Amino acid sequence: MIMKRFLGLLPAFALAALPTAAMAEPIKIGFVTTLTTGAAVIGKDQQNAVELALDHMGRKMGGRDVIIVYGDDEFNPQKGKQKTEKLVKRDNVDIVAGYIWSHVLLASKATVLDAGKILISANAGPSPLAGKSCHKNFFNISWQNDQTPMALGEVLNRKGVKSLYIMAPNYAAGKNMVAGVERTFKGEIVGKDMTKWPTQIDWAAEMTKAKAAKPDAVFTFYPGKHGPAFIKQYQQAGLTGKIPLYTVYTIDSIGLPRMQKAGLKGVLGTFMTQFWAPDMDNAQNHRFVADFKQRHGRYPSFYAAQAYDSMFFIKAAVDEVKGNIADTDGMRAALEKADFPSIRGAFTMGKNHFPVQNFYLREVVTDADGNWTTALREAVLTNHVDPYAKDCKM
Amino acid sequence: MNLVLIAEQTLNGLQFGILLFLLAAGLTLVFGIMDLVNLAHGSFYMMGAFLFATFYTLTGSFFLGIALGIPATLAVGVVTEVLALRPLYARNHLDQVLATFGLILFFNQLVQVIWPLDGMSVPMPAYLDGAVRIGFGIEYPVYRIMIIGSGLAVAAGLYFLVQRTRLGMVIRAGASNRTMVGALGVDIKLLFTLVFGLGAVLAGFAGMLMTPILSATSGMGEQILILAFVVIVIGGIGSIRGAFIAAIITGLIDTLGRSFLDVLLLAVLPANAAEAAGPALSSMLIYILMVAVLFFRPQGLFPPKVR
């Protein structure tokens, strides 16, 4: 009799044991980045940073082990979407992060968001996702594309630049960067070239035009391998030293060692704006940069810094829901608080799930060991909200 | 808009055209004589760039880099032809496209395995750096003048080879009627290997010339390969003269289009429409030209005389 009742209760015990069994399972994080093609260096930098972050946190979040599954978008929106589908549907990851390229993110986001999972961008910040197409399960841990060039426009005003020539690639992020500069720059834009992306890598015609227009400064945005090629050609066209060059996301810690080896002295002393620099003064950043340098022999790029932050961002939320990552509402509330040690220092998460943070002037300098790197100068925009936040109806 | 700007952009267009010619010449020979669609032609451009960068870095000399890179690229071309392409001559074009596409993927991964992941950069040699005044107030980079000069020298060399030597005679005969050439007792296998090797060297040389400007990176051949195909279609398949003229025309149209189209559009369209349409239209111009040629003269502008 008692046996029967006991047996009857067994299913109840089994059910009670299930959540704990699920909690003992590891957390699966999907990370989409570029691991092949010429842009693979950026993806490798992000992968190195993710692995470093996971090692720093003992490979556990909320008491559970963490498994990271990488997806290679091959610098291509269709492939990125395919890999995202694989992560969500076949590997059944709990959360998806990554995405270097705005056009890849825009193509892939529906796959994650329609499945009810949380998506965290560790680089791309296209305007639609900050404004009209904002989504409660989408978070960005880097910046919105327009913000960094908006800060640069401010810098141009402060430096008394009256006429500007713009060169940028003709795709989502390129258009955002140009729009950002045009928002804040008060002078005259004497020329604008939106070049074919990613196929055009020789800017002879555009630089000849820029030379003829005689602007006070040139603004450019060419991420990835295009950056060092642009700087090289700028120097070869005789523009270095003649027309000051202001950039965003063109010169970074991945390209600088190569430029130093090639002797491109023209890059020293150029200005750019960013939300972070390797020499930023806080404990989390010091640990990140020091350990990254020790492991990989050079400074981390901002791509790496953002990937590193994304892991701690997720960890803080998983810790808050005590490991129950399946509780999407709880995760969302925790992510909205963004209460974690970031490499950029303290910041808040905006209503549209993009960071509200400072943007700084950075200059290319030589460090104490003779390596070329970027150093933080003054803050240009403080606690800046991106211009699309007001369009977000969340 | 002034004459100096137009002159400088014309030089830019000429330089781009010469680069296209170096690629198109090999491609048109291979397609015309061997009837082989070789998508991997851009891979020899890339291999040439990497081999040159390696030798330049090792020896510290720009010219030694080229002198060593050329036979190395020839070796790569010949090995590829013997191992991978010989079985394809008898096959149809689709099989050739598939196989050579596979070669592209192979070479793209190969360079990432052998060389650093983000490619190889070489410094510009000091004596080729900077710009020079070439009269009428035009200032033009020395290196790009060197490219134009080298390309014209190669074109002259090719002309001499094709028009004035026995080998050139066999090549022209092969472009006109391959079967007949075989029937007349010429060693077709050797001819094909030679022609293919020549094409690979030309492509590799183009890659070497562009390395100080662009750096050698994986996948650098694809971007320019498409334009090379457009050039040989416009010029006429199998004709080096056609490749030369079509390449110069293509280079000029592309560069001058990129330079002046937005200004021209501003005269008829409002500012933001012109800004959006300019880059889109200028990248279409070459293909519009190709379509026009295909429509009015499908065999190309200067096709070889086929009997």
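How many residues of domain 1 of chain A are in contact with residues of domain 2 of chain A? The count is 22 residues of domain 1 against 19 residues of domain 2, where contact means that two C-beta atoms, placed from the backbone, lie within 7 Å.

Before we go on, a word on the model: it is predicted, so local features need pLDDT of at least 70, side-chain atom pairs count only at pLDDT 80 or more, and totals for chains, interfaces and linings use all residues. Residues are numbered from 1 along each chain as its sequence is written, while chains are lettered from A and ligands numbered from 1 in the order in which they are written.

## Two domains in chain A

The domain assignment of chain A gives domain 1 (10-143 + 281-353) and domain 2 (147-274 + 359-391); such bounds come from an automatic or database domain assignment. Taken over C-alpha atoms, the centres of these two domains of chain A are 28 Å apart. On the side of domain 1 that touches domain 2, α2 (40-56), α4 (102-114) and α5 (127-130) of chain A each supply at least two residues. Helices here are DSSP runs of H or I with at least four residues, strands are runs of E with at least two, and both are numbered from the N terminus. That side of domain 1 of chain A divides into ten nonpolar, eight polar and four charged residues. In this scheme Ala, Val, Leu, Ile, Met, Phe, Trp, Tyr, Cys and Pro count as nonpolar, Asp, Glu, Lys and Arg as charged, and the others, Gly among them, as polar.

## Where the chains meet, and the core

The contact between the chains takes 31 residues from chain A and 33 residues from chain B. On the chain A side, the elements giving two or more residues are α2, β8 (188-195), α8 (204-213), α9 (226-236) and α10 (255-261). By class, this side of chain A has twelve nonpolar, ten polar and nine charged residues.

The largest nonpolar core has 206 residues, and those with the most contacts inside it are Ala24(B), Ala228(B) and Val231(B). A nonpolar core is a set of buried Ala, Val, Leu, Ile, Met, Phe, Trp, Tyr and Cys residues joined through C-beta atoms within 7 Å. A residue is buried if 20 or more other C-beta atoms lie within 10 Å of its own, exposed if 12 or fewer, and partly exposed in between, with C-beta atoms placed from the backbone. Helix α8 (residues 188-214) of chain B gives the most to this core, with 16 residues. Domain 1 and domain 2 of chain A both give residues to the core, so it lies between them. Leaving aside neighbours within four places in sequence, Val231(B) is in contact with Leu20(B), Ala24(B), Ala243(B), Ala246(B), Ala247(B) and Thr250(B).

Gly236(B) follows α9(B) and has a positive phi, near 110°. In α2(B), 15 of the 19 residues are buried, so this helix is largely enclosed by the rest of the structure. Just after α2(B) comes Gly60(B), with a positive phi of about 75°.

## Strands of chain A

Six strands of chain A form an open sheet in the order β2-β3-β1-β4-β5-β6, with mixed pairing. Its edge strands are β2 (60-61) and β6 (138-140), each pairing on one side only. Two strands pair if DSSP finds at least two bridges between them.

| Strands | Sense | Bridges | A bridge pair |
|---|---|---|---|
| β4(A) and β5(A) | parallel | four bridges | Val96(A) and Leu119(A) |
| β5(A) and β6(A) | parallel | three bridges | Leu119(A) and Phe138(A) |
| β13(A) and β14(A) | antiparallel | eight bridges | Val364(A) and Thr374(A) |

From β5(A), Ile118(A) and Ile120(A) point one way and Leu119(A) and Ser121(A) the other way, and all are buried. The hairpin of β13(A) and β14(A) has five residues between the strands, and Gly370(A) there takes a positive phi near 85°.

## Details in the loops

A cis peptide bond, with omega about 0°, joins Trp197(A) and Pro198(A). Pro198(A) sits in the loop between β8 and α8 of chain A. Lys214(A) is not a glycine, yet its phi is positive, about 50°. With 12 C-beta neighbours inside 10 Å, Lys214(A) counts as exposed. Ala338(A), also a residue other than glycine, has a positive phi near 50°, but with 21 C-beta neighbours inside 10 Å it counts as buried.
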